[in-house]
Amino acid sequence: MATLRVSLSLWNLHAGSRGAGRVYFRARSRPRPGDLFQPLPGVCGAGTPCRGLCSESESGSPKIKKPTFMDEEVQSILIKMTGLDLLKIFKPAIQETKPPTYKLMTQAQLEEATRQAIEAAKVRLKMPPVLEERTPINDVLAEDKILEGTETAKYVFTDISYSIPHRERFIVVREPSGTLRKASWEERDRMIQIYFPKEGRRVLTPVIFREENLETMYSQDRHVDVLNLCVAQFEPDSADYIKIHHQTYEDIDKYGKYDLLRSTRHFGGMAWYFVNKKKIDGLLIDQIQRDLADDATSLVQLYHILHPDGQSAQEAKEQAAEGLQLIKVFAKTEAQKGAYIELTLQAYQEAFISSSAAS
Amino acid sequence: MVQLTIVLYKAYHQFSHLTIRLALGGCTKWPFYHIVASLNKCPKDGHFMEQLGSYHPVSNSYGKKLIALNLDQIWHCTGCGAHLSKPVEKFLGLSGYFPQHLTVVTNAERFSKTDTEATETRELTSVNIAVGIRLKSS
């Protein structure tokens, strides 16, 4: 009887493990190339960016709800400002050379193809999340003084069960002194990259993110490449990610190279950063000079949404200003380069009038 | 229709049991162990049912030895009656998933070479935290 039971259980295990083994090895598919453009599945565990961001909205007084990056209103404004330059979005990337294909299309087919291209472009323009910096982990699980001195090296234990989201994985470190502690965020990222490698991400931080190499990239106007590499390499709430993004935005602001990020997925993040730091003057001037008056007005509107207690917001409400009037109110009250903004607005209005008179 | 494969399998494997143990791989002067669930009678580095993790006894550039454990599958295999070899039990103890293994404790006590009074006062503080959380969530 005992042998029957044993062999039955063996058979169950064998069938189960065989099935599980097959499922295990096949289910571990390589990430698709499109994954780089979608929010990381590690964020908040299930891919929905809501859970971790709720903490942001609770700061400040309980009555006023501070708008977050993911609010629909904010997102719609940012998407409108990003623009949809198809030629820039689908710029030829470095790939295998093959002879170009030519298609002969009717007008209807061309419109259909353009519509499909716009859909694909919208997917590519999905913005990477903007999160607060993560708090460091300092959890000690156990202190076994008995084990002190028995080992010379640290042991890092990773739980590689496939069904757990990466944020909830157990990664613990047993020190030679006997303490069992949870691994820090950098150690966690490294271990997860070793056992669940993600395309485009490396285990050790690439050399390109050092100061001198970043300077070279900025001088070559390759801010988009820097930001894409940063999104691929780091988690959105890690200190390195936030630091490099802020550095890139500051460099763009210093030299006025806002057009580099237009029609890319990083424009929204840049606009959000400037509005939070109250440094939207350069961006406003650039938009007015390129005849994007609607974008300029929506930027000032976003500013008023985020800082409703400011001078310009209250004056705008009193005057019920709209369009270019909004920008003038903002230039008079809270801007640093107010005179410059007014000058460019004047020039824009004159050019507008002369062009409408000529046509 | 009688399924003969199952009957034959049971008849052939009725004296062996599943074991979770370390299978050696790698090169000369560079060992690397896979934590593997295989039948008892199989050669230790040969055919296995399932890979459940890895262990690298050489410390990396950060001075750490990496051990990966597929706790879900180890849970499942142990539930189906797999035995564990001593190194695997030691690892599970060190990681906090199981209580510490007896040999680890005795070796540690011998290493510290204190008298019996001091060893009695020292207590084991490691807790099955991972197991506790799993039991709560399940």
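Let's start at A:Gln233, which sits in helix α8 of chain A, residues 223–233. Helices here are DSSP runs of H or I with at least four residues, strands are runs of E with at least two, and both are numbered from the N terminus. Is A:Gln233 buried or exposed? It counts as buried, because its relative accessibility is 9%, and buried means under 20% relative accessible area, with exposed over 50% and partly exposed in between, using a 1.4 Å probe and protein chains only. Its contacts include A:Gly200, A:Arg201, A:Leu204 and A:Phe209, leaving out residues up to four places away in sequence. Contact means heavy atoms within 4.5 Å.

Some ground rules before we go on. This is a predicted model, where local features need pLDDT of at least 70 and side-chain atom pairs count only at pLDDT 80 or more, while totals for chains, interfaces and linings use all residues. Residues are numbered from 1 along each chain as its sequence is written, chains are lettered from A and ligands numbered from 1 in the order in which they are written, and side-chain values use heavy atoms, with hydrogens and water left out.

Now to the domains of chain A. The assignment gives domain 1 (70–86 + 116–135 + 201–277), domain 2 (140–183) and domain 3 (279–358); such bounds come from an automatic or database domain assignment. The centres of domain 1 and domain 3 of chain A, taken over C-alpha atoms, are 24 Å apart. Between these two domains, 20 residues of domain 1 are in contact with 16 residues of domain 3.

What about the nonpolar cores? A nonpolar core is a set of buried Ala, Val, Leu, Ile, Met, Phe, Trp, Tyr and Cys residues joined through side-chain atoms within 4.5 Å. The largest one has 41 residues, and A:Met270, A:Leu284 and A:Ile341 have the most contacts inside it. Elements of chain A that give two or more residues to this core include α3 (72–82), α10 (267–277), α11 (281–289) and α15 (338–358). Where does this core lie relative to domain 1 and domain 3 of chain A? Both domains give residues to it, so the core lies between them. In soluble globular proteins, nonpolar side chains tend to be buried together.

Let's zoom in on A:Leu284. Leaving out residues up to four places away in sequence, A:Leu284 touches A:Ala296, A:Leu299, A:Val300, A:Ile327, A:Phe330 and A:Ile341. Two of those names come back in α14 of chain A, whose buried residues include A:Ile327 and A:Phe330. The buried residues of α14(A) pack against α11, α12, α13 (311–319) and α15 of chain A.

One more stop in chain A is A:Leu125, in the loop between α5 (107–124) and β1 (140–143). A:Leu125 is buried, at a relative accessible area of 14%. Among the residues it touches are A:Gly83, A:Ile89 and A:Thr264, again not counting those up to four places away in sequence.

Next, the sheet, which uses both chains. It is an open sheet of 9 strands, in the order β1(A)-β4(A)-β3(A)-β2(A)-β4(B)-β3(B)-β2(B)-β1(B)-β5(B), with mixed pairing. Two strands pair if DSSP finds at least two bridges between them. The edge strands, each pairing on one side only, are β1 of chain A and β5 (83–84) of chain B. Strands of a sheet pair through backbone hydrogen bonds, either parallel or antiparallel.

On the chain A side, 3 bridges join β1(A) to β4 (residues 179–182), running antiparallel. A:Arg181 in β4(A) is the bridge partner of A:Val140, and A:Arg181 is also the bridge partner of A:Val173. β3(A) and β4(A) make a hairpin with 4 residues between them, and A:Gly178 in the turn has a positive phi of about 100 degrees.

On the chain B side, 5 bridges link β2 (residues 30–39) and β3 (residues 50–55), which run antiparallel. There, B:Ala37 has B:Glu50 in β3(B) as its bridge partner.

To finish, chain B as a whole. How many helices and strands does chain B have? The count is 6 helices and 5 strands, in the pattern α-β-β-β-β-α-β-α-α-α-α along the sequence. Of its 138 residues, 38% count as buried.
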